[in-house]
Amino acid sequence: MNIELQCCALFIIFSISVMFLHEKKLDLMNRRLFQRAIKACFACLIFDILSVILINLSVYSDFDPFITGIVCKIYIMLLVLQGFFGYLYASTSLLPRDRMRAKAVRILSHLIFCTGEIMMLLLPISFTASDRVVYSYGPSTSVAYILSAIYILSTIVITIVYKKHMPGRRFIAMLLWQGIWLLAALVQFIRPELLLVGFASSFGMVILYIQLENPSEYIDGSTGLFNTNALSAYIHDKYRFNKPFSLFTAKIHYLTDNVDYNMEQEAVMRSAKALVSLGPEPAFRIDDDTFCVVYDNSERMFEKAADIKRQKDAVTDLPANGTYLLIPDSTQMSGPDEFFRFLHTYLENEQEITVADDKLVQKLRDQNRIKELIDDALRMDRVVVFFQPFFNVKESCFDTAEALVRIKNEDGSLIPPGEFIPVAEETGQIIPLGIRIFEKVCMFLKKGEADRYGLKQIEANISAAQFDYDNPAKYVLQLTEEYGIDPGKLNLEITETAAARNRDIMLRNMNTLIERGITFSLDDFGTGRSNIDYFVNMPVKIIKFDYSFTHSFFENDKTKFVLTGMVDILHKLNMSVVAEGIETEEQMRVMKDMGVEYLQGYYYSRPLPEDEYIAFLKQHSLASDLQG
Ligand code: C2E
Ligand code: CA
Ligand code: CA
């Protein structure tokens, strides 16, 4: 009898089922659909074999053809069911996100399926057997053919149309699965003695299992918890099917710098065990030292978080503790993308416990908006540099200017740096942005126009984060070379925070640049983070008094005394002083009398766009009478 292939297929399906059932699984929609498809495939194969046997019995012996007909019908109905599950598997995670439309598509496809099944049940079926050729035919079988073709083709079409929305391996697996099925059906149609369809469908299941549904792909090898891929699939599923959830995250913090492998393993395994013992909810290891558990609601999450805290307090022998991020309500975020952005941003939080609230989510949104704004500005060349002239008291001219960045909106309005520099520092965009600013400054200097009106140096700001991500000396020198700029025309303003954070890297960078002729100023001096050590030991020539420090002179006699003394000390150390924020004639006079070398502020000029700055220089080189 022609049932060898089906028996093989049955064995294959049985093996996959055993492996699949045996492993720990996440409750995902696709996984459920796959499970159903396997069951349908299994049942279909059994009825396939049964129908071949009964057809032979009915044709060659006198077995009741009515029963054989029923079995044949069940077989083709199950075959269509398999096709339907294939279609559902392909489409459920892709079809419309909009709830109403998704529902409509779902109802329609179920309606077509049910109508088809009823027709197959009611319409007549015939069968025949001769030698190894065994098949059923008639109206009922025709409906099965048509429906199967519809399902296979629509699955293929959906896969191709939504190719962009799925990973490459899913695309290939889906096409292979359906393609093999289609091919087998065609072969069987031309050579009816080759009963390939059953075997092809089990082979398709093997492809799906290996490529997409192998549960071990979602397991973290060392802890047995679910892994990052699993979390990603799980969270996407939750948002897609509108199931709110709460997330508890714990990150191990080692209290010592010498963390050896054994200690790390111990801490990781203990944390994993603690999380698993909390309850049946799925626990994930999402990074070497970060874990999370997904709960259905926030009450349960808070209750379990308290348990974790109690357990942690009891274990104090490891030099490690945890920081916790709690997201009580997933609907605070607009979807999985925002959710993961939030998770990655706030996992780095140093605070012991962070609870996601609307304010934090809003902060992330603002930050993201600004991040995109910076990217756009870099792409569309909307980063502009303004120049604010300094007045050189001794020479009585404007021979220096500070380059200050702005982003130009499409409507021409300007975004001040205070709004985007902090975000750029956090996201690392400060690197491309910093390079662009230096490039603009070099382009400006290359024109040589400002030189003609007495410009000696441009001061550019360099922030602490620039030393965190990169060696800025490299690109500063590259750019001066590329644009043929004398490095002596550049002065870089660093802040005390930069000096404090990455002192060694910074000193190395500074020395490289100083060797080539670039000079440095210490910016924002007097903002509360000042430390005499910075300017005594740092290779800076100029100290810039912050706006607030300059203004404190006028507040009381004590600060007046401190400020005067400070200027005196700096002069003794051979340093020059720039006073920022000079807005009135009185401030200008006082600073001048104190012996401050450079004055910067609205009293002289606001930061100006390039052409206005040139006009300013032109005017003042002709009539240098403003200084009074
Ligand atoms: P900063 O380096 O302290 O720059 C001086 C700030 O004081 C500038 O603000 C300037 O417009 C403002 N200012 C100048 N004179 C007066 C005055 O008389 N009164 C008052 N109230 N303010 C005055 P701006 O341009 O908004 O820049 C703010 C900060 O953004 C800068 O502070 C600097 O920390 C940062 N920044 C600006 N451009 C760059 C850049 O190219 N790179 C980096 N890394 N940071 C920059
Ligand atoms: Ca500055
Ligand atoms: Ca400053």
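A polar contact, as I use the term here, is a pair of N or O atoms within 3.5 Å; within protein, one atom must be able to donate a hydrogen and the other to accept it, and residues adjacent in sequence count only if both atoms are side-chain atoms.

**Entry 1: ground rules.** I'm working on a predicted model, where local features need pLDDT of at least 70 and side-chain atom pairs count only at pLDDT 80 or more, while totals for chains, interfaces and linings use all residues. Residues are numbered from 1 along each chain as its sequence is written, chains are lettered from A and ligands numbered from 1 in the order in which they are written, and side-chain values use heavy atoms, with hydrogens and water left out.

**Entry 2: ligand 1.** I started with its contacts. A polar side-chain atom of Q388 lies 2.9 Å from a nitrogen atom of ligand 1. D523 also puts a polar side-chain atom 3.0 Å from an oxygen atom of the ligand, and a polar backbone atom of Y602 is 2.8 Å from an oxygen atom of ligand 1. How much of ligand 1 does the protein bury? Taken alone it exposes 790 Å², and the protein buries 80% of that (Shrake-Rupley areas with a 1.4 Å probe; for residues, only the protein chains shown count as cover).

I then listed the shell, taking residues with a heavy atom within 4 Å. There are 21 residues around ligand 1, and the closest are Q388, R406, D523, E583 and Y602. Strand β9, helix α13 (417–427) and strand β13 each supply at least two residues of that shell; β9 gives the most, with 4. For the record, helices (H or I, at least four residues) and strands (E, at least two) are DSSP runs, numbered from the N terminus.

**Entry 3: calcium ion, ligand 2.** Which residues coordinate it? I find E402 (OE), N461 (OD1), E493 (OE) and D523 (OD), at 2.1 to 2.3 Å. Donors here are N, O and S atoms within 2.8 Å of the metal (3.2 Å for Na, K and Ca), and since water is not among the atoms, sites may look incomplete. Along the sequence the spacing reads E-x58-N-x31-E-x29-D. E402 lies in β9 (residues 397–408) and D523 in β13 (residues 519–525), so this pair ties together parts that are 121 residues apart in sequence. Both E402 and D523 are buried, where buried means under 20% relative accessible area, exposed over 50%, and partly exposed in between (1.4 Å probe, protein chains only).

**Entry 4: calcium ion, ligand 3.** I checked how far apart the two calcium ions are: 4.0 Å, with D523 coordinating both. Buried or partly exposed, the two aspartates? D523 is buried at 5% relative accessible area, whereas D524 counts as partly exposed at 22%.

**Entry 5: two side checks.** E281 is found in the loop between α9 (261–277) and β4 (283–287). At 17% relative accessibility, E281 counts as buried, and a polar contact of 2.5 Å joins its side chain to that of R300. I also looked at I172, which has its place in helix α6 (residues 168–190). I172 is partly exposed, with a relative accessible area of 48%. Its C-alpha atom is separated by 9.1 Å from that of T159, 13 residues apart along the chain.
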